[in-house]
Amino acid sequence: MIPVAFHYIRARDIPDALRLLREGGEDAKLLAGGHSLIPMMKLRLATPGTIVDIGSVPGLAGITHDGMRIAIGALTTHAALAASRELQEHAPALAQAAGELGDPQVRNRGTIGGACAHGDPSADYPAVMLALDAAFTLTGEAGTRDVGADAFFVGMFETALSAREVLTSIAFAAAPNSAYVKFHHPASGYPVVGAAVNLTLAGERISAARVALTGVGDAPFRAHAVEAALTGAAVTDAARLDAACRAAAAGVDARGDAFASAEYRAAMADVFVRRAVAAALQPR
Amino acid sequence: MNVTICVNGEQRSLDVEPRLLLVQALREVLGLTGTHVGCDTSSCGACTVLLNGVSVKSCTMFAVQADGCNVTTIEGIGTREDLHPMQAAFWTQHGLQCGFCTPGMIISALDLIRRNPDPSDAEIRAGIEGNICRCTGYENIVKAVTVAAAAVRGA
């Protein structure tokens with residue numbers, strides 16, 4: 001499959017990329033690892049006239065942790081995230097999601113920034129980003145702004161990132177009691193259901209909970225009722241945790257397809273949220 | 001557009017259209033047809049090559065993105081007279097039938113043992129998750145990787 005011809009320019013740094021985006025106009029598109037964009041270009045679902053390649057911009061990859069917050073450079077590959085001991089310990093939900101998406105070759109090349117900017121509503125990361133309450137740093141020629149995950153993922157292949165901005169990093173508070181558990185679609189590898197949980201503990205009780213699901217409906221969403229029901233629960237109170245994880249997809253129009261009916265997806269949402277809660281509480 | 005790619009240890013300069021995929025550059029421009037095109041949709045792994053030492057799907061990358069990089073294809077890992085231990089193990093363990101997936105399978109297996117020199121059967125299956133074989137049922141592929149990993153470790 002051969003994409004439509006395009007003009008290709010490699011950006012040296014972020015200001016250069018922003019200038020090239022402006023000059024390229026409506027037709028310009030950023031390229032990082034290319035694992036969302038190139039397949040769409042090959043199918044001619046995307047036909048950018050200009051490709052601005054930020055894949056070799058220095059300083060955009062890596063994981064930093066200042067003791068409180070963790071920042072991930074947009075060009076960090078899924079493989080680097082999955083292999084990061086820092087994340088495995090301080091934000092396991094993200095390491096788990098990164099290690100379960102696609103396959104090894106995809107993880108070696110695809111980037112977190114590219115995957116998030118692509119805005120695929122059935123991807124793994126949006127649920128994790130919602131659970132971690134991540135902030136997306138968007139850099140434009142006029143300056144930089146931070147957008148929270150709740151506002152970043154707007155809809156189908158649509159995010160808060162404008163055509164004249166670059167997503168440069170993603171930051172969140174350390175989340176040692178977080179987990180992402182996924183029901184893999186056996187062929188596509190996409191989540192039939194993906195559940196991300198981020199618990200804050202006060203002693204033996206859950207003092208705050210963020211729970212988000214992907215794959216279930218047309219967009220990733222937070223299960224607010226589950227969050228409320230988990231809050232205050234003792235971590236050892238299995239019956240209460242079970243009860244809290246029921247009807248996670250209530251009020252959501254669950255998708256049905258040849259592999260999983262809407263009813264099945266909604267039922268699995270509860271099962272996978274419960275598993276994610278158990279994983280988040282697992283001592284490490 | 002002019003790009004220089006170090007392919008199997010040799011600097012190659014190519015004049016390519018930006019939309020030319022790396023796999024097409026390897027096969028059609030450089031004549032290295034050991035790297036195969038199976039699905040052409042980033043699923044099957046037949047096009048897997050090493051880019052700066054890590055496995056990637058060369059159908060999901062433009063040749064211009066490999067400018068200045070090292071690319072290793074199946075042609076670059078051994079010779080007919082002196083097979084790489086991974087190639088030898090696929091032969092001795094009958095890790096192939098039609099052979100179409102084999103170049104990609106071998107490159108993925110090399111990436112796996114780079115990260116994990118002594119993988120379990122389950123880890124091997126996870127490591128070749130991005131490669132599809134329609135003949136073997138994977139059983140002998142897993143055996144081949146186990147044997148090759150031991151040979152490379154010197155065990």
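Visitor: Among contacts in chain B between residues at least 6 apart in sequence, what percentage join residues at least 24 apart?

Guide: This is a predicted model, and the answer here is computed from it. Two residues are taken to be in contact if their C-beta atoms lie within 7 Å. When the contacts of chain B between residues at least 6 apart in sequence are taken together, the share that joins residues at least 24 apart is 60%.

Visitor: Which pattern of helices and strands does chain B follow along the sequence?

Guide: Chain B contains five helices and five strands. Read along the sequence, these elements follow the pattern β-β-α-β-β-β-α-α-α-α.

Visitor: What radius of gyration does chain B have, and why can that be said to agree with a compact globule?

Guide: The C-alpha atoms of chain B fill a box of roughly 45 × 30 × 25 Å along the principal axes. A compact globule with 155 residues would have a radius of gyration near 15 Å, so chain B agrees with that expectation, its own value being 15 Å.

Visitor: How many of the 14 residues of helix 3 of chain B are buried?

Guide: Helix 3 of chain B runs over residues 102–115 and reaches 20 Å from its first C-alpha to its last, close to the 20 Å expected. Its buried residues pack against helix 6 of chain A, and also against elements of chain B, including helix 2, helix 4 and helix 5. Among the buried residues are Met105(B), Ile106(B), Leu110(B) and Asp111(B). Helix 3 of chain B is thus mostly covered, and the number of its residues that are buried is twelve.

Visitor: How do the residues of the contact of helix 2 with helix 5 in chain B divide into nonpolar, polar and charged?

Guide: Helix 2 and helix 5 of chain B pack at an angle of about 140 degrees, with their axes 8 Å apart, and their crossing is right-handed. Helix 2 of chain B contributes Pro85(B), Met86(B), Ala89(B), Phe90(B) and Thr92(B), while helix 5 of chain B contributes Ala144(B), Val147(B), Ala148(B), Ala151(B) and Val152(B). The residues of this contact divide into nine nonpolar, one polar and no charged.

Visitor: Which element supplies the largest share of the side of chain B that touches chain A?

Guide: In chain B, 22 residues are in contact with 19 residues of chain A. The residues on the chain B side divide into six nonpolar, ten polar and six charged. Strand 4 and helix 3 of chain B each supply at least two residues of that side, and the largest share, four residues, comes from strand 4 of chain B.

Notes: Residues numbered from 1 in each chain as written. Chains lettered and ligands numbered in written order. Predicted model: local features only at pLDDT ≥ 70, side-chain atom pairs only at ≥ 80, totals over all residues. Rg over C-alpha atoms; globule rule 2.2 N^0.38 Å. Expected span 1.5 Å × (residues − 1). Buried ≥ 20, exposed ≤ 12 C-beta atoms within 10 Å, placed from the backbone. Axes fitted to C-alpha atoms, helices over the stretch in contact; angles between N-to-C directions. Left-handed = near helix turned anticlockwise from the far one by under 90°. Nonpolar A, V, L, I, M, F, W, Y, C, P; charged D, E, K, R; others polar.
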